[in-house]
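Here are my notes for you on this structure, point by point. I hope they are handy to have beside the viewer as you go through the chains.

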Amino acid sequence: MKDLVRMRTLLKEEIEQLLNKQIKMEAHSSSIYLAMASWCDRYGFQNSAGYFYKQAEEERKHMLKIFKYVADMGGTAISPEVTDVPQDFAGFRDVFELALEQEIAVTNSINRIVDACRRLYAYETEEFLMWFVKEQREEEYVARRAVELFEVIGEEGVGRYMIDKAIPKISYDEDGE
Amino acid sequence: MTTLSQTTTQPIELYTNAKGATFQCDLTNRIILQFGEARVSLRITDFLAFKKKVDSVDIHTMIFNTDDAYDVEIIDAPRTNHQFVLTLCDLIALRDLLAGTRFTLELNSLLHARLYFAPSY
């Protein structure tokens with residue numbers, strides 16, 4: 001008797017479900033960043049708006065990477081419905097704090113899937129997810145550094161202007177140089 | 001007797017209950033679903049999608065809502081031109097049939113992974 005399920009897909013059902021949830025989360029992140037870009041543009045933080053436009057694009061690329069993996073491995077990739085995207089934020093700093101929280105949530109979610117992969121012996125997907133594990137290190141660093149700038153520069157006087165100027169320059173150098 | 005690896009020419013029974021039965025056809029790689037008078041043949045992807053549809057019906061609402069609209073549920077069998085018109089009892093029996101079938105498919109997968117593909121040394 002043929003193993004029709006395995007012939008169809010490399011992915012175990014639980015892993016496929018988790019990856020589809022992650023696709024949705026990445027799409028949601030992308031939309032939140034787009035809303036943040038819009039908010040920053042409205043309040044004159046042009047550089048930050050540019051940073052969030054870039055982040056929104058990156059999250060979409062992450063979503064597509066997982067989407068394509070699910071489809072390529074014979075699974076059913078589900079085009080996500082994105083709802084509950086906040087359009088307004090309490091202030092400049094809050095936008096960045098929320099962005100950091102979002103990145104932490106994504107890291108935790110990726111870790112949970114890696115955990116499930118190990119539990120279900122899905123080594124091929126675990127290896128695929130290692131790219132995201134590494135990526136999240138960078139994403140979290142950048143988001144955390146952005147929040148840190150509010151402490152380092154301060155919001156008084158021309159502080160917000162200076163923070164907005166510094167935001168696009170944040171980059172993560174793994175070698176610590 | 002057939003082994004795990006052999007392709008059989010006759011459909012193999014996967015699960016049976018009072019209202020129906022399911023079979024796997026190794027020649028066409030399809031799942032044959034016999035439920036009441038209906039008989040449909042589904043690709044594995046469509047079988048899993050159909051199971052999801054059936055599982056997603058809100059049985060609680062069907063039980064407690066007195067409106068006629070909640071007496072039956074109509075569900076398409078993907079790519080078969082067949083619609084299942086299901087009463088509450090049908091729905092519960094169909095869910096059981098699909099769950100039992102899914103279990104057998106899963107068990108077969110497990111046996112393949114652990115026995116058939118296991119090294120013989």
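This is a predicted model: local features need pLDDT of at least 70, side-chain atom pairs count only at pLDDT 80 or more; totals for chains, interfaces and linings use all residues.

1. Helix α3 of chain A (residues 46-72) packs with helix α4 of chain A (residues 92-119) at an angle of about 20 degrees, and their axes are 13 Å apart. Since angles under 35 degrees count as roughly parallel, α3(A) is roughly parallel to α4(A). The crossing of α3(A) and α4(A) is left-handed.

2. Which residues in α3(A) and α4(A) meet? From α3(A) come Ser48(A), Tyr51(A), Phe52(A), Gln55(A) and Glu59(A). Facing them in α4(A) are Phe92(A), Val95(A), Phe96(A), Ala99(A) and Glu103(A). Sorted by class, this contact of α3(A) with α4(A) has six nonpolar, two polar and two charged residues.

3. Helix α4(A) also has a partner in helix α2 of chain A (residues 13-42), and here the angle is about 170 degrees, with the axes 11 Å apart. Angles over 145 degrees count as roughly antiparallel, and α2(A) and α4(A) are therefore roughly antiparallel to each other. The contact of α2(A) with α4(A) has 19 nonpolar residues, along with four polar and four charged ones.

4. Arg93(A) and Glu97(A) both belong to helix α4 of chain A and sit four residues apart, about one turn of the helix. Over all chains, the structure holds 14 salt bridges.

5. Further along chain A, helix α5 (residues 123-153) and helix α6 (residues 159-166) pack at an angle of about 145 degrees, and their axes are 10 Å apart. Left-handed or right-handed, how do α5(A) and α6(A) cross? Their crossing is right-handed. On the α5(A) side, the contact is made by Leu149(A), Phe150(A) and Ile153(A), and on the α6(A) side by Gly159(A), Met162(A), Ile163(A) and Ala166(A). These residues divide into six nonpolar, one polar and no charged.

6. Stepping back to the whole of chain A, the secondary structure comes to six helices and zero strands. Along the sequence, the pattern reads α-α-α-α-α-α. The C-alpha trace of chain A spans about 75 × 35 × 20 Å along its principal axes.

7. Now for the interface between the chains. Chain A and chain B bury about 1,500 Å² between them, and 55% of that lies on carbon and sulfur atoms. On the chain A side, Met1(A), Lys2(A) and Leu4(A) supply 52% of the area that chain A buries against chain B, more than any other three residues. The contact takes eleven residues from chain A and 20 residues from chain B.

8. How many salt bridges are counted between chain A and chain B? The count is one. Glu13(A) forms a salt bridge with Arg102(B), and the closest N and O atoms are 3.0 Å apart. As a reminder, side chains of opposite charge can pair when their charged atoms come close.

Note on methods. Residues are numbered from 1 along each chain as its sequence is written. Chains are lettered from A and ligands numbered from 1 in the order in which they are written. Side-chain values use heavy atoms; hydrogens and water are left out. Axes are lines fitted to C-alpha atoms, for helices over the stretch in contact, and angles run from 0 to 180 degrees between N-to-C directions. Helices (H or I, at least four residues) and strands (E, at least two) are DSSP runs, numbered from the N terminus. Angles under 35 degrees count as roughly parallel, over 145 as roughly antiparallel, 65 to 115 as roughly perpendicular and the rest as oblique. A crossing is left-handed if the near helix is turned anticlockwise from the far one by less than a right angle, and right-handed if clockwise. Contact means heavy atoms within 4.5 Å. Ala, Val, Leu, Ile, Met, Phe, Trp, Tyr, Cys and Pro count as nonpolar, Asp, Glu, Lys and Arg as charged, and the others, Gly among them, as polar. Buried area is the accessible area (1.4 Å probe) that two parts lose on being put together, summed over both. A salt bridge is a side-chain nitrogen of Lys or Arg within 4 Å of a carboxyl oxygen of Asp or Glu.
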